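Hi,

Here is the structure for you to look at. Please open it first, then read my notes on what turned up.

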Amino acid sequence: MKNRDYMDSVHFYGRIWVATGILLMLLTPVAICVYYNAWPQLQHVFKGLLGVAPIFWTVGIIEVFTYAPMLGTGGTYLGFITGNVTSLKVPAALNAMSAADVKASSEQGEVISTIAIASSSIVTTIVIALGVLMLGYLQPLLESPVLAPAFDNILPSLFGGLGVVYISKNWKIAITPLVFMIVLFLLVPSLASSVGILVPVGALVAIGAARILYKKGKV
Amino acid sequence: MNTFNVNSPFLYGVTAVVIVYVLAQSLFFLIRAAKRAGELGISSSVVKKTILSSALFSIAPAAAILLGVITLSKFLGLPLPWLRLSVLGALTYELPAAEATAIAMNVDTTMTLVDAKAFASIAWVMTLGIIPGIFLVLFGLKKIQSGIVSIKSKDAKWGELFLSGLFLGMISAFMGMLFSDVRLGVPGFIPIVVALISAVIMAICGLLIKKCNIAWLEQYALPLSMLGAMAASIPVTALMG
């Protein structure tokens, strides 16, 4: 199969799966309303949406532009439907491509990224399902104060390891966005709650730094 | 009219349909990508290691998502949070969406919901509040990817640097976030210390891979450093917290 044929088929099937996923997602609240004959007041839905939509619609759209090049085509169709893109799908894809020594921009990278994201989605879904089924046993363990620091520190544990790989590979490009972000968070700590919005800002700073270094022939 | 209950068999049934869909989609993409990997000359051992490594890496974050399901279940029951956090969702979004709607309806989020209309409103907001991104994937991904291809085809070296810039932008944002609590004093440095422990474990793995030729470790270095740092965060928090 030619590269072009494969990529076209990924788009074809990807769109079918995403369209089905959107339909299922929209049918869920419809089914709840029909089954319980409980149709919500529009003003309640509107007020609720007003609280989250301005931020999450913006972040959702920015995330597609930021993460699609990293995840590849199949990975994006799959990763965005299954969710938890930042904390699970992107790190899984980056780690897998780095370990397999393939570039994100290649078809090998596309395939490895898709395999990583699909495996991650399957395991996550199974772990959550098993967890729900065995909640009686697991809840005391998961909510125990002893384990609380471990769950509070998932992101530092993840980005410490991932960071050292990518920063050591591209340290010249990494310095500028890293210093920029550290200073920004030191000056405005409250931004921690909107880190999703700052990912594209960091990307723009990094791409700008890369462009300058590239033009000067330093990378 | 059917009697409403946040943990009704009907809601479990709806959730089961969505969970099966997610598994089917993931399996479909996994099988096709693995087949294509063979055609591209990627060895089956690399494919197996990628699957195992990604699976191992996902267990701890999945347990954290399960904690999110438990958090939301006290208010919304188990099926809806389970469904929402298995498709498209993330706790960082689902929790504020549920809270914003509950506030709009003057509903107490510390008690289990008993009103079907309030439950339906929350289900609608959770769904509609996150859906535009996925519409962009449906209608715009081909254009976005062709834009990337055009950058690469004009200048391959710059195309790679551009992608590295995207990775580093994301990593920088999350690394910067670790510094947001340093004003709190010693406890504020805990995330930085945990990230450093993770980085050190990763660096040791890197040395073992390169100097001692332990190639299999390459696929497991990230899960190891992540789980190692999470475990270390327990005594670190006890010391610095």
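The largest cavity is lined by residues of two chains: A:Thr82, A:Asn84, A:Lys89, A:Ser121, A:Thr124, A:Thr125 and A:Ile128, with B:Leu85 and B:Ser86. Keep in mind that this is a predicted model.

Two elements give two or more residues each to that lining: helix H4 (107–133) of chain A and helix H3 (79–86) of chain B. H4(A) gives the most, with four residues. By type, the lining of the largest cavity has six polar residues, two nonpolar and one charged.

On volume: the largest cavity holds about 50 Å³ of space.

Is B:Glu94 buried or exposed? Its relative accessible area is 0%, under the 20% cut-off, so B:Glu94 counts as buried.

What does the side chain of B:Glu94 make a polar contact with? The partner is the side chain of B:Arg84, at 3.3 Å. B:Arg84 is also among the residues that B:Glu94 touches, leaving aside those up to four places away in sequence.

Best wishes

Definitions and conventions:
Residues are numbered from 1 along each chain as its sequence is written. Chains are lettered from A and ligands numbered from 1 in the order in which they are written. This is a predicted model: local features need pLDDT of at least 70, side-chain atom pairs count only at pLDDT 80 or more; totals for chains, interfaces and linings use all residues. Side-chain values use heavy atoms; hydrogens and water are left out. On a 1 Å grid over the protein atoms alone, a cavity is a set of points where a 1.4 Å probe fits but cannot get out, and a pocket is an open set with protein on both sides within 12 Å along at least five of seven lines; lining residues have an atom within 4 Å of a point. Grid points are joined across faces, edges and corners, and a volume is the space filled by probe spheres set on the points. Ala, Val, Leu, Ile, Met, Phe, Trp, Tyr, Cys and Pro count as nonpolar, Asp, Glu, Lys and Arg as charged, and the others, Gly among them, as polar. Buried means under 20% relative accessible area, exposed over 50%, partly exposed in between (1.4 Å probe, protein chains only). A polar contact is a pair of N or O atoms within 3.5 Å; within protein, one must be able to donate a hydrogen and the other to accept it, and residues adjacent in sequence count only if both atoms are side-chain atoms. Contact means heavy atoms within 4.5 Å.
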